[in-house]
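Thanks for coming. I have one structure to walk through today, and I will keep it short. Please have a look at it before I start.

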Amino acid sequence: MTAYDYDVLYLGAGHGAFDGAPLLASAGKKVAFVEREKVGGTCPNWGCNAKVILENAAALQRQLVASDGIVEGSGKIDWTKNMARKKEIISIFPNAIQSGMEGLGIDFIFGNGEFLDAHTIQVGDRQVTAENIVIATGMHSHRLDIPGAEYLHDSKDFLSLDEAPEKMVVIGAGYIGLESAAMMNAAGVDVTVIMHSDKALNGFNKTYTDALLASLEKQGLTFVRNSETTEVEKLSHGFAVKTSTGTYDADYILDATGRVPNTAGLGLEKVGIDFDQTGIKVNEYLQTALPNVYATGDVVSKTQPKLTPTATFESQYVANYLLGNDTKPVNYPAIATNVFTSPRLAQAGVTLDEAAAHPDQFDVVEKKVMDDWYRLVDYETEGQLSLIYDKDHRLVGAIELSDHAEDIINSLLPAIEFGYTPAQLARLVTVFPTIGYSAIGDLL
Ligand SMILES: Cc1cc2nc3c(=O)[nH]c(=O)nc-3n(C[C@H](O)[C@H](O)[C@H](O)COP(=O)(O)OP(=O)(O)OC[C@H]3O[C@@H](n4cnc5c(N)ncnc54)[C@H](O)[C@@H]3O)c2cc1C
Ligand SMILES: NC(=O)c1ccc[n+]([C@@H]2O[C@H](COP(=O)([O-])OP(=O)(O)OC[C@H]3O[C@@H](n4cnc5c(N)ncnc54)[C@H](O)[C@@H]3O)[C@@H](O)[C@H]2O)c1
């Protein structure tokens, strides 16, 4: 029998890797990560955690303004201090994750990993072998290919921006575009978002995304719809962003036009692993074309949202599959997602668009968030909720726009995932008065 250096070797040390690795190490497997940048990957260093700290100031400001003088103060955001706080909080993550993993006996090998064959990875001048390899290399920012592209910044740059610009142009109205634009608008920046269609946020219903844009417009954001960005020109002060609908001045430009799977330079073609621009192709066991090589997280080609909880779920699934604890095909649960603007837009389970396409299978109940008196308690002013039921009246999906949408969707998630009956729902005696009580109350 061949002796490999490791039982399982992960390419990448983000959530797609480090959430499953401890299960393997605790079961006595020899495990290592190959990481070319920062331990923890995108989410803690340049994604979720970094972003949510910065956005929290905008959410606080919104509540303070809505209190209409009960809580005094202008709510002015000091962006530089906000950024310094963010840097301080997230700086602990790489070492904390690394020492936690090393405490379990897991090794770190730093450098770019590339396949030599199905069991061998080249890292610098070292060749590392493993019985099983998990590709968890994530994604990087898509960059527009236009003249002046060198003046554009991506989300990684943006989440380290120490000084707020006066005028900012954001190209793209997906998660990153809207979250970044909304928090900078709250920080007093004049922000224009260029959209190449009239619909924001793929995967969310248009009635809801239009309502979100309308709310953000009321707060001062400008959206330019159906506009193609063609060129960026450097001026003596700042830049001119040229588009099919006009020219917009900015001193900071964020290219938020999407993310691309990290498949290049891995040697995938050489070893016969299938992939395309959507990511690595896997079967129902998250196995690539090579039976001993798996893929997890953002690098996987899939219909599920490319989010941290999805990466975590897949990482734990593959670890359990390799241990023989779970031999069934991957069975994704309802995946909850939230756009961290103020108000938030969150959803889980069957979407409104899916429900509309299959009226024979689903019923939709519409609710006005402001009909719930509790929303007045924490100064909410607007919002809507749609509950999607199957024909047995079990909740199968929900979408909400409000300042607490993420809490409502999290509270509804068990009912969506486990299909609670009305009798089971009636046994959920939640704390009153709270947003969780409101969420379950919506179902009764
Ligand atoms: C700005 C931003 C905000 C986000 N906010 C949220 C949010 O609020 N909620 C949410 O759920 N999701 C959010 N996401 C998405 C979330 O960050 C990803 O879904 C998650 O990080 C995916 O984890 P992963 O392990 O698949 O990839 P990653 O975290 O990207 O990790 C991949 C790792 O692989 C390494 N790597 C790549 N190639 C190689 C190689 N050849 N050799 C060695 N190492 C390699 C990389 O350096 C990286 O560290 C956000 C993303 C961004 C960009
Ligand atoms: N809150 C969260 O959970 C969160 C936050 C940020 C990112 N993410 C994840 O990260 C990933 C990437 O987010 P993202 O915002 O980069 O991608 P995205 O796909 O959500 O949005 C990209 C947007 O750019 C638009 N676009 C593309 N080309 C364009 C062009 N030439 N001009 C104008 N617009 C253009 C697209 O239509 C789309 O709306 C997503 O998969 C998302 O799941 C999640």
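This is a predicted model: local features need pLDDT of at least 70, side-chain atom pairs count only at pLDDT 80 or more; totals for chains, interfaces and linings use all residues.

Let me start with the domains. The domain assignment gives three entries, and domain 1 is written in pieces: 6-50, 84-141 and 260-323. Domain 2 covers 149-257, and domain 3 covers 343-441. Taken over C-alpha atoms, the centres of domain 1 and domain 3 are 34 Å apart.

Next, the ligand. Which residues come nearest to ligand 1? They are Gly12, Gly14, Gly41, Gly138 and Gly297, out of 34 residues around ligand 1. Sorted by class, the shell has 15 polar, 13 nonpolar and six charged residues. Several elements supply at least two shell residues each, namely α1, β2, α3, α4 and α11.

On records, UniProt has an unreviewed entry that lists Gly113 and Asp298 under "binding site". Gly113 lies in strand β4, residues 113-117. Is Gly113 buried or exposed? The cut-off for buried is 20 or more other C-beta atoms within 10 Å. Gly113 has 24 such neighbours, so Gly113 counts as buried.

Now back to α11, which is one of the elements in the ligand shell. α11 runs over residues 308-322. With 15 residues at 1.5 Å a residue, α11 should span 21 Å. The C-alpha atoms at its ends are 21 Å apart, so the two values agree. Eleven of those 15 residues are buried, which means that α11 is largely enclosed by the rest of the structure. Among the buried ones are Phe313, Glu314, Tyr317 and Tyr321. After the helix comes Gly324, with a positive phi near 80 degrees.

Last, the strands. β11, residues 229-234, runs antiparallel to β12, residues 239-243, and five bridges join them. Within that pair, Val232 is the bridge partner of Val241.

How many residues does the hairpin between β12 and β13 go through? Two. So much for the strands.

That is everything I had. Thank you.

Definitions and conventions. Residues are numbered from 1 along each chain as its sequence is written. Chains are lettered from A and ligands numbered from 1 in the order in which they are written. A residue is near a molecule or strand if its C-beta atom, placed from the backbone, lies within 6 Å of it. Helices (H or I, at least four residues) and strands (E, at least two) are DSSP runs, numbered from the N terminus. Ala, Val, Leu, Ile, Met, Phe, Trp, Tyr, Cys and Pro count as nonpolar, Asp, Glu, Lys and Arg as charged, and the others, Gly among them, as polar. Two strands pair if DSSP finds at least two bridges between them. The expected span of a helix is 1.5 Å times one less than its number of residues. A residue is buried if 20 or more other C-beta atoms lie within 10 Å of its own, exposed if 12 or fewer, and partly exposed in between; C-beta atoms are placed from the backbone. Domain bounds come from an automatic or database domain assignment. UniProt positions are given in the numbering used here, feature names are shortened, and annotations may be inferred rather than shown by experiment.
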